[in-house]
Amino acid sequence: MSTETNHPCVILPEERAPEDMQHCERCELCKQRNRVIWGEGNPQGSLMMILDNPGAREDREGNEFLCGTRETLQLGMREAGIDIHSVYVTYLLKRRPIRAYDKPATRAACLPHLQAQLLQKQPLVLFGFGNVVVEGLFPQKENATVKELRGSWHEFQGTPMGFTYHPLAVRRRPNLLRFFIEDLKGLRAKWEERAAREHKEERTHPAFTPNAAAYLIKVSIKCS
């Protein structure tokens with residue numbers, strides 16, 4: 001989790017969606033002809049950031065470029081001392097909307113994909129950006145907003161989760177930048193705290209390795 005300074009923004013590598021999800025038709029976004037974006041960054045990263053939906057990825061000539069959302073996110077991460085290459089970024093919606101759609105139904109249809117990612121990756125900390133993510137993950141919290149939830153820690157599927165403003169909101173309202181960076185610094189502290197605790201627990205209670213599991217299975221078979 002080292003600090004990065006004076007580095008240009010980078011296009012993080014995408015993680016390929018599972019084969020059975022690449023042509024998902026669970027929601028109406030499949031008709032808008034944009035491909036599934038499963039996530040990007042470090043697939044083994046213990047910090048998972050959640051945005052509302054993917055932004056534009058290619059210009060009209062088909063060349064890759066960094067959208068304003070990801071550019072501002074990386075700016076905030078660098079200012080907060082978070083290593084861009086150590087985190088995993090994913091989305092509540094896995095396709096980029098290009099026209100109006102049924103938001104509640106689409107969020108409900110896409111949520112199981114995110115839940116499956118969490119079960120697979122088991123991140124130490126989650127961090128969401130913007131009110132859409134708040135509404136999508138905590139529909140039971142009536143009228144909940146980032147403004148109310150930021151600065152404190154919540155829980156989603158047993159994992160600590162924090163929130164801050166959406167990077168596009170920060171671009172449009174530069175006065176939010178200091179709060180954005182402040183929240184990301186708080187995230188870094190939480191992440192480092194959780195990582196240190198896990199490291200200590202691993203030293204105290206060594207991991208149950210595949211070799212150990214195989215040995216116990218053999219013993220069980222012999223004894224039966």
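Helix α1 is the top contributor to the lining of the second largest cavity, giving four residues. The model is predicted. The protein has seven helices and seven strands. Of its 224 residues, 44% are buried.

**Overall layout**

- Starting at the N terminus, the order of elements is β-β-β-α-β-α-β-α-α-β-β-α-α-α.
- Among contacts with a separation of 6 or more, 75% join residues 24 or more positions apart.

**Second largest cavity**

- This cavity holds about 50 Å³ of space.
- Its lining consists of Leu12, Glu40, Arg70, Leu73, Gln74, Met77, Ile84, Val87 and Val89.
- Two elements, α1 (68-80) and β4 (87-91), each provide at least two of the lining residues.
- By class, the lining has six nonpolar, one polar and two charged residues.

**Largest cavity**

- The model has two cavities of 30 Å³ or more.
- Eight of the lining residues are nonpolar, one is polar and four are charged.

**Largest pocket**

- The largest pocket has about 190 Å³ of space.
- It is lined by 13 residues, with Asp52, Asn53, Thr69, His166 and Leu168 closest to its centre.
- Both α1 and α5 give two or more residues to this lining.
- α5 (167-172) gives the most, with three residues.
- The lining of the largest pocket divides into six nonpolar, four polar and three charged residues.

**Gly68 in α1**

- Glycine 68 belongs to helix α1.
- Its relative accessible area is 22%, so glycine 68 counts as partly exposed, given that buried means under 20%.
- Leaving aside residues up to four places away in sequence, glycine 68 touches Leu168 and Arg171.
- Glycine 68 and leucine 168 are 100 residues apart along the chain, yet their C-alpha atoms are separated by 6.9 Å.

**Strand β3**

- Five of the five residues of β3 (47-51) are buried, and the strand is mostly covered.
- In a regular strand, side chains alternate between the two faces of the sheet.
- In β3, Leu47, Met49 and Leu51 point one way, while Met48 and Ile50 point the other way.
- Residues on both sides of β3 are buried.
- β3 pairs with β4 in the parallel sense over five bridges.
- Opposite leucine 47 in that pairing stands valine 87 of β4.
- Leucine 47 has valine 125 as its bridge partner in β5.
- Methionine 49 has phenylalanine 127 as its bridge partner in β5.

**Strand β5**

- The rest of the structure largely encloses β5 (125-129), because five of its five residues are buried.
- Val125, Phe127 and Phe129 point one way from β5, and Leu126 and Gly128 point the other way.
- β5 is joined to β7 by four bridges, and the two run parallel.
- Phenylalanine 129 has threonine 164 as its bridge partner in β7.

**Helix α6**

- Helix α6 covers residues 177-204 and has 28 residues.
- It reaches 41 Å from its first C-alpha to its last, close to the 40 Å expected at 1.5 Å a residue.
- An α-helix has 3.6 residues a turn, so residues three or four places apart point the same way.
- The buried residues of α6 are Phe180, Ile181, Asp183, Leu184, Leu187, Lys190 and Trp191.
- These buried residues pack against several strands, including β3, β4, β5 and β7 (159-164).
- They also pack against helices α1 and α5.

Technical notes:
Residues numbered from 1 in each chain as written. Predicted model: local features only at pLDDT ≥ 70, side-chain atom pairs only at ≥ 80, totals over all residues. Heavy atoms only, no water. 1 Å grid on protein atoms, 1.4 Å probe; cavity = no way out; pocket = protein on both sides within 12 Å on 5 of 7 lines; lining within 4 Å. Points joined across faces, edges and corners; volume = space filled by probe spheres on them. Nonpolar A, V, L, I, M, F, W, Y, C, P; charged D, E, K, R; others polar. Expected span 1.5 Å × (residues − 1). Buried < 20%, exposed > 50% of the residue type's maximum accessible area, 1.4 Å probe, protein only. Contact = heavy atoms within 4.5 Å. Pairing = 2+ DSSP bridges.
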